[in-house]
2 protein chains.
Amino acid sequence: MRRSLKPEALTAAGFAPFGDVLGATELKDTLSINHGQTQRYHRLASVDIAGQAGPPIISIFRSQPVSLPFTVAVMERHPLGSQAFMPLSGLPYLVVVAPPGKLDMHKLKVFLAGPGQGVNYHRGTWHHYNLALQGQSDFLVVDGAGPDNFDEIQLPVEQRVSLALE
Amino acid sequence: MRRSLKPEALTAAGFAPFGDVLGATELKDTLSINHGQTQRYHRLASVDIAGQAGPPIISIFRSQPVSLPFTVAVMERHPLGSQAFMPLSGLPYLVVVAPPGKLDMHKLKVFLAGPGQGVNYHRGTWHHYNLALQGQSDFLVVDGAGPDNFDEIQLPVEQRVSLALE
């Protein structure tokens, strides 16, 4: 079977089974700090990295854009830690996820993330690697530096899914 | 004494005594990942947070801009952990730091950070709160959620420093 999926808008509620949305919204705690000069949108996500997968580190991913329709042929997960992506280039991108546990491609979800929306994949959430659209896109990434924290599955043709915006 | 300081450009070498610069440069390890689709600028910084100051969390700071000349009248530090800021709004900002230990305002340094340059203050580095310029500026922040990790000093008038670009 070869299915085609279109993305839905990325919202905190829709993404909750997979992780956190990073964005300056009013949905979480906000605190006035820095003598009133700054509003802190507090604890949008926790960095949840097992000891052997640590320490947590900060990196930048520079991703080349993909063309649509795009075929999902691999999925990956980090069994020992969360992984956060915050877009830096002002461009939208696609987020492709499936629940933790045994990979079930029938439970695949596709979200269109806006330029001000990051995601934090919870530990073990299956996801596709960054799918930049429109142009080269940088992302700030927070994940674990340790080894043994990466599983990748190459999907047989009958499990592949085609992504398109329309 | 009332001194006036002008910022220098933010570079990894100049900022090294205080922390790390977060930027997609060739200075650190780069790895080709995601089947060649992504360049990983690896481990630009480590998240160094003591157990009692954890867990590490991800927040967004929305800062209103300050007017120049600006008077530095307070300094702060996080004795138990690092704190990283990555600009999201495409605007420059000022970074004001002094070495860890007893605060010595004669060792104050001021850097002008470009829109693609973040900073990770090392544990204990004295710093001023975010000084956005030009307009409202969002920053992705990685720090510790725990208590007892914030010291602030109100500077007497004779130790204050005036910041200007020219």
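Two strands are taken as paired if DSSP finds at least two bridges between them, and the strands themselves are DSSP runs (E, at least two residues), numbered from the N terminus. The model shown in these views is predicted, so local features need pLDDT of at least 70 and side-chain atom pairs count only at pLDDT 80 or more, whereas totals for chains, interfaces and linings use all residues. Residues are numbered from 1 along each chain as its sequence is written, chains are lettered from A and ligands numbered from 1 in the order in which they are written, and side-chain values use heavy atoms, with hydrogens and water left out.

**View 1. The three-stranded sheet of chain B.** In chain B, three strands form an open sheet in the order β1-β17-β7, and the pairing is mixed. The edges are taken by β1 (3-5) and β7 (70-72) of chain B, each of which has a single partner strand, so one side of each is left without a neighbour in the sheet. Neighbouring strands of this sheet are turned by 35° against each other on average, direction ignored, where the axes are lines fitted to C-alpha atoms and angles run from 0 to 180 degrees between N-to-C directions. β1(B) pairs in the parallel sense with β17 (residues 161-163) of chain B, over three bridges, and within this pairing B:Leu5 has B:Leu163 of β17(B) as its bridge partner.

**View 2. The relation between the two chains.**

**View 3. The surface shared by chains A and B.** With contact meaning heavy atoms within 4.5 Å, chain A gives 44 residues and chain B gives 44 residues to the interface. Of the interface residues of chain A, 100% are also interface residues in chain B, so the copies meet through the same surface. The size of an interface is often given as the accessible area lost when the parts come together. Here chain A and chain B bury about 3700 Å² between them, 61% of it on carbon and sulfur atoms, the area being computed with a 1.4 Å probe and summed over both parts. In chain A, the residues that lose the most area to chain B are A:Gln37, A:Ile58 and A:Ile60, together 18% of what that side buries.

View 4. Two salt bridges are counted between chain A and chain B, a salt bridge being a side-chain nitrogen of Lys or Arg within 4 Å of a carboxyl oxygen of Asp or Glu. A:Asp143 forms a salt bridge with B:Arg40, and their closest N and O atoms are 2.9 Å apart.

View 5. Seven strands form an open sheet with antiparallel pairing, in the order β3(A)-β12(A)-β9(A)-β15(A)-β6(A)-β5(B)-β4(B). At its edges stand β3 (19-22) of chain A and β4 (30-33) of chain B, each with a single partner strand, so one side of each is left without a neighbour in the sheet. β4(B) pairs in the antiparallel sense with β5 (residues 38-46) of chain B over four bridges, and B:Ile33 stands opposite B:Thr38 in β5(B).

View 6. A:Asp48 forms a salt bridge with A:Arg123, with the closest N and O atoms 2.7 Å apart. A:Asp48 lies in the loop between β5 and β6 of chain A and A:Arg123 in the loop between β12 (118-121) and β13 (126-127) of chain A, so the pair ties together parts that are 75 residues apart in sequence. A cis peptide bond, with omega about -5°, joins A:Gly54 and A:Pro55, and A:Pro55 lies in the loop between β5 and β6 of chain A.

Note on methods. Buried area = accessible area lost by both parts, 1.4 Å probe.
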